[in-house]
Amino acid sequence: MDLFNDPDAPGALTLSALNERVAQAVNASFPDACWIQAETSDVRVQGAAGHCYLEFVEKDARSGQIVAKARGAIWARTFHLLKPYFEEETGQTFVSGLKVLVRVTVEFHKLYGYSLNVIDIEPSYTLGDLVRKRQEIIRRLQEEGIFDLNRELPFPVLPQRIAVITSPTAAGYGDFENQLMNNPAGYPFYLKLFPAVMQGEKTEESVIAALDRICLHADCFDAVVLIRGGGSASDLNCFDSYLLAAHCAQFPLPVVTGIGHERDDSVVDLIAHTRLKTPTAVAAFLIERMDGQAGLMNGLQQTLCSRLTEILSAQQTCLKLLAVRFPSSVMHRIEQSRTQLQILRSALPASQLLILKRRTALTEIRQHLQNRWTEYLDGQNREMELAAQFLKMASPDYVLQRGYTLILKDGKIVKHASGLSAGDEITARFADGDRAAIIR
């Protein structure tokens with residue numbers, strides 16, 4: 001009979017018996033708790049009981065493929081102690097994807113199988129890994145040459161048009177808005193809210209989307225303010241993001257952060273143009289910038305007023321001197337003019353005689369010119385009459401009247417007999433008309 005086909009065969013084990021033996025072997029091999037290095041995965045907390053269930057995995061360093069996996073649990077009493085301790089020490093929420101060093105007991109239950117029960121955790125191990133990742137992001141930003149780009153942008157002289165990225169319900173946003181809008185000096189600020197998720201896994205995607213919306217209207221703003229209200233230190237880790245830091249570093253407007261952490265700086269804080277601790281500190285910074293320019297303007301105003309006062313004082317002194325000197329200067333000028341008038345008055349009779357002589361001379365010159373011009377015109381008239389008489393006597397009509405005849409050939413006067421040949425047709429022009437003829 002085949003042992004494996006006979007359910008009642010002696011020597012065959014039930015599954016529960018097998019699992020019992022495995023449990024005994026595991027308990028014998030791991031009688032005490034031990035420390036293991038692993039990565040958290042599928043972390044979930046049971047709402048009512050408060051137990052934390054998760055998986056521990058190990059990945060190949062090169063390929064990233066999972067090479068080992070184990071189910072794990074942190075019972076509620078232990079979890080309520082370990083979670084706040086871990087998050088306070090690391091500044092990181094206890095979530096999936098963390099490299100952890102945990103102390104576990106190894107158990108194999110005949111019903112639930114193999115599992116690891118966490119009884120302790122070493123935050124410094126995780127903190128070292130977080131620091132390493134953070135340094136890798138910073139080094140990458142530096143190697144790409146964008147780490148200092150935003151800080152190199154000139155900050156606006158009057159930062160009044162502010163694009164704000166935050167959660168609309170954040171208490172920090174209300175404080176920020178109230179402090180700006182009710183500033184003691186009454187400076188006008190213009191705020192535009194671009195809502196975004198400011199904690200949790202969606203922070204990176206949400207803030208980047210807000211930056212992209214602002215970039216479409218970058219000319220309408222002077223600066224971008226990234227703020228959030230209070231929260232645990234673990235909430236800061238969402239700002240240790242390469243993509244978010246790269247977007248902020250390369251943004252065309254200065255980025256000012258105030259994400260509410262006194263002790264630590266996120267990567268976004270490090271690449272921002274200006275890093276401040278809280279939203280109210282950001283508001284105070286913007287108001288101080290306006291105060292600085294107002295102080296500068298006041299200084300210029302005082303300098304201008306002082307200079308104008310000096311100029312007016314100098315001009316007033318000059319006017320006083322002129323007022324003192326003016327009467328004597330006027331009297332001196334009047335005396336000079338009076339003297340000149342007397343000289344002119346004494347010279348007036350001689351001038352009148354001279355004018356009379358000049359007038360007589362001009363009359364004589366005018367008469368002489370008129371006589372000469374009449375003689376010239378008479379001479380020209382005689383010459384023109386002689387020329388007209390000469391032209392009349394030289395006229396062909398005048399010659400014909402005296403009995404002469406003109407011989408024309410082809411409309412031209414024939415001056416010599418040699419110019420004619422037998423058979424030529426000619427025209428004989430007389431005083432009373434023309435006659436045609438042929439030379440024989």
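Student: Leaving aside its neighbours within four places in sequence, which residues is Asp222 in contact with?

Tutor: Keep in mind that this is a predicted model. Setting aside those sequence neighbours, Asp222 touches Pro156, Leu158, Pro159, Gln160, Arg161, Leu253 and Pro254.

Student: Where does Asp222 sit?

Tutor: Look at the loop that runs between helix H5 (203–215) and strand E8 (223–227); Asp222 is in there.

Student: Is Asp222 buried or exposed?

Tutor: Asp222 counts as buried because its relative accessibility is 13%, and the cut-off for buried is under 20%.

Student: New topic! How many salt bridges does the structure hold?

Tutor: There are 12 salt bridges. One of them joins the side chains of Lys59 and Glu39, at 3.3 Å from N to O. That pair links distant parts of the chain, with Lys59 in strand E2 (residues 52–59) and Glu39 in strand E1 (residues 34–45), 20 residues apart.

Student: OK, and what do the side chains of Glu310 and Arg307 do?

Tutor: They meet in a salt bridge too, at 3.2 Å from N to O. Glu310 and Arg307 are three residues apart in helix H8, so about one helical turn separates them. Glu310 is partly exposed, with a relative accessible area of 45%, and Arg307 is partly exposed as well, at 48%.

Student: Which residue does Lys409 meet in a salt bridge?

Tutor: Asp424, at 3.2 Å between N and O. Lys409 belongs to strand E11 (residues 406–409) and Asp424 to the loop between strand E12 (412–413) and strand E13 (425–430), so this pair ties together parts 15 residues apart in sequence. Lys409 is partly exposed at 26% relative accessibility, while Asp424 is buried at 15%.

Student: Last one: which residues form a nonpolar patch on the surface?

Tutor: Phe326, Val330, Met331 and Ile334, which together have about 360 Å² of accessible area. Met331 is in helix H8 (residues 279–394), and at 47% relative accessibility Met331 counts as partly exposed.

Notes:
Residues numbered from 1 in each chain as written. Predicted model: local features only at pLDDT ≥ 70, side-chain atom pairs only at ≥ 80, totals over all residues. Heavy atoms only, no water. Helix = DSSP H or I, 4+ residues; strand = E, 2+ residues; numbered from the N terminus. Buried < 20%, exposed > 50% of the residue type's maximum accessible area, 1.4 Å probe, protein only. Contact = heavy atoms within 4.5 Å. Patch = residues over 30% accessible without salt bridge, like charges linked within 9 Å, V, L, I, M, F, W, Y side chains within 5 Å. Areas by Shrake-Rupley, 256 points an atom, 1.4 Å probe, with all protein chains shown as cover. Salt bridge = Lys/Arg side-chain N within 4 Å of Asp/Glu carboxyl O.
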